[in-house]
Amino acid sequence: MHILDRVASVIRSHKLINDNDHLIVAVSGGADSLALLHILDGIDLPLKLVALYIDHGLRPQEIPNEKKIIEDSCLLLGIPFICRTVHVHDLVAQGKHSLEEAARIVRYRALEQVRQECGAKLIAVGHTADDQAEEFFIRLIRGSSSRGLSGMKPKRDNIIRPLLYETKERLIDFLSERGVRWCLDSSNLDRRFLRNRVRLDLLPMLEEKFNPALRKTILQSMDMLSEEDNFLEEQTLENYTACISLSESSTTDPKCSELVVNCQRFLETHPAIRRRIVEKTCWQIGIRPTYEQICTLISFIENGKNGGELHLADGVRATMQANQLRFARPLPEGVIRGSKQLAASINQSIPGPGEYTITEAQKQLILEELSIPTCQPTIGNELRVDRDKLSFPLLLRSSLPGEKFTPCGGPGSKKISRYFNDRKIPAKARPTWPVLLSEDKVVALVGLQLDDEFRISGNTSKILSIQWKNLPR
């Protein structure tokens, strides 16, 4: 089968491109990317192509020749040609990325920017079967899951790789048959880069001394890993839905979301699925966990104590609360270090029955006087006390360290902090879970429990209803 037919078959089987799609083709001037441009132009599929050259500013002496060779091909094929310059060293100077990684990041940013500017649907890149084999060893050396070792996919988001099953040798033969010139990138010989050491040293040594057909063997293994990964991903999605939920305070913005892991349900899953669920949870909230962090989080779910907290990247905190692990960013925007932000304390006078908005807690306090003959059943977490045993104004405030009250029907006084622990109230919620006082006496922990002194008795003639509700949306 001719290379044009093989690539067209890959495009159809993986549903990479539709008729009349608009594509940005990333062209560096090397054999792979120029072959991609000519193949996409030559296959029997109506497409709108734009060739894009990214100048990284790393090899200034080679750039004019690369541009000229690409421009010649574009003129021959009648394809528009765009050049863009990116600033790799600016990103390297931030100290977070290697030169190789920084070049990849700014390159894909530029590709996406041009795609949006041109109104294109897809970006086509020239990764080959040889790149796939190199990627296997790079990920193996750096440490990777089976998903990572399954390699690059023919399509991911709006990036397509139509040449992923073609070797560089076959692409060079294709260009030679057509008399198409290409460039040799001198940076591909620089052994400072891991990929070059894998390609120039490791793979040839393994092929010579261990297995001449090593690349074919690796690609077969990657195909099997990819199929198995697809199956595991289906299982992960099913269990993820059952284990993970969004808290009521979450939004569509990952930065503001709070993800909740049901620990009991999580521990019922297979260990292989657990790792993937934790990884997916971290991705969902906007961070990329390491293998060690995933293992730590799983151990925390298995053995973590209520109130325990782990600090993750980008200000994310994982907190254990009542058999739930909560992922959130409790710190002020832009702050990623330190302990969780203390909630604002409450201190508000309540002059009489009525409705009061407590902004610090994003709650509403509703006090209503009820007569015994017309008294209705309690509603939700409503508390009812003997109205005649208290006097207005009341005080609603955050509890104080060491403060005690006597839970209704309990054996005696108890520290409020201990009561919070017993009821598994999250630590971050306690400053805004207030007490209601009458003349310095605790009447109730609103929404939770009333003090025994203010309970309703046979002599009660009038009731005060205390409700603690979420603010209406």
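In this predicted model, strand S14 (residues 363-371) and strand S22 (residues 462-470) run antiparallel and are joined by nine bridges. Along that pairing, glutamine 364 faces lysine 469 of S22. S22 also has strand S15 (residues 383-386) as a partner, again in the antiparallel sense, this time over four bridges. Here leucine 383 has isoleucine 466 of S22 as its bridge partner. As a rule, side chains in a regular strand alternate between the two faces of the sheet.

Past S15, the chain does something worth a look. Proline 393 sits in the loop between S15 and strand S16 (394-397), and the peptide bond joining phenylalanine 392 to proline 393 is cis, with omega at about 0°.

Next come the aromatic rings. Searching the whole structure turns up two aromatic pairs. One of them brings together phenylalanine 136 and phenylalanine 137: the ring centres are 5.4 Å apart and the planes stand at 85°, so this pair is edge-to-face. Phenylalanine 136 counts as buried because its relative accessibility, 14%, is under 20%. Phenylalanine 137 is buried too, at 10%.

Phenylalanine 405 and tyrosine 419 make up an edge-to-face pair as well, with 5.4 Å from centre to centre and 90° between the planes. Phenylalanine 405 belongs to strand S17 (residues 404-405) and tyrosine 419 to helix H14 (residues 416-422), so their contact ties together parts of the chain that are 14 residues apart in sequence. Both partners are tucked away: phenylalanine 405 is buried with a relative accessible area of 2%, and tyrosine 419 is buried with 7%.

The charged end of arginine 192 sits over the ring of phenylalanine 193, at 5.6 Å from the ring centre. In another such arrangement, lysine 280 lies over the face of tyrosine 240, 5.8 Å from the centre of the ring.

Asparagine 20, found between helix H1 (3-13) and strand S1 (22-26), is not a glycine, yet its phi is positive, near 70°. With a relative accessible area of 60%, asparagine 20 is over the 50% mark and therefore counts as exposed. Lysine 424 is likewise not a glycine and has a positive phi, about 55°. Its loop runs between H14, the helix that holds tyrosine 419, and strand S19 (435-438). At 46% relative accessibility, lysine 424 counts as partly exposed.

Technical notes: Residues numbered from 1 in each chain as written. Predicted model: local features only at pLDDT ≥ 70, side-chain atom pairs only at ≥ 80, totals over all residues. Heavy atoms only, no water. Pairing = 2+ DSSP bridges. Helix = DSSP H or I, 4+ residues; strand = E, 2+ residues; numbered from the N terminus. Phe/Tyr/Trp six-rings, centres within 6.5 Å; stacked < 30°, edge-to-face > 60°. Buried < 20%, exposed > 50% of the residue type's maximum accessible area, 1.4 Å probe, protein only. Lys NZ or Arg CZ within 6 Å of the ring centre and 35° of its normal.
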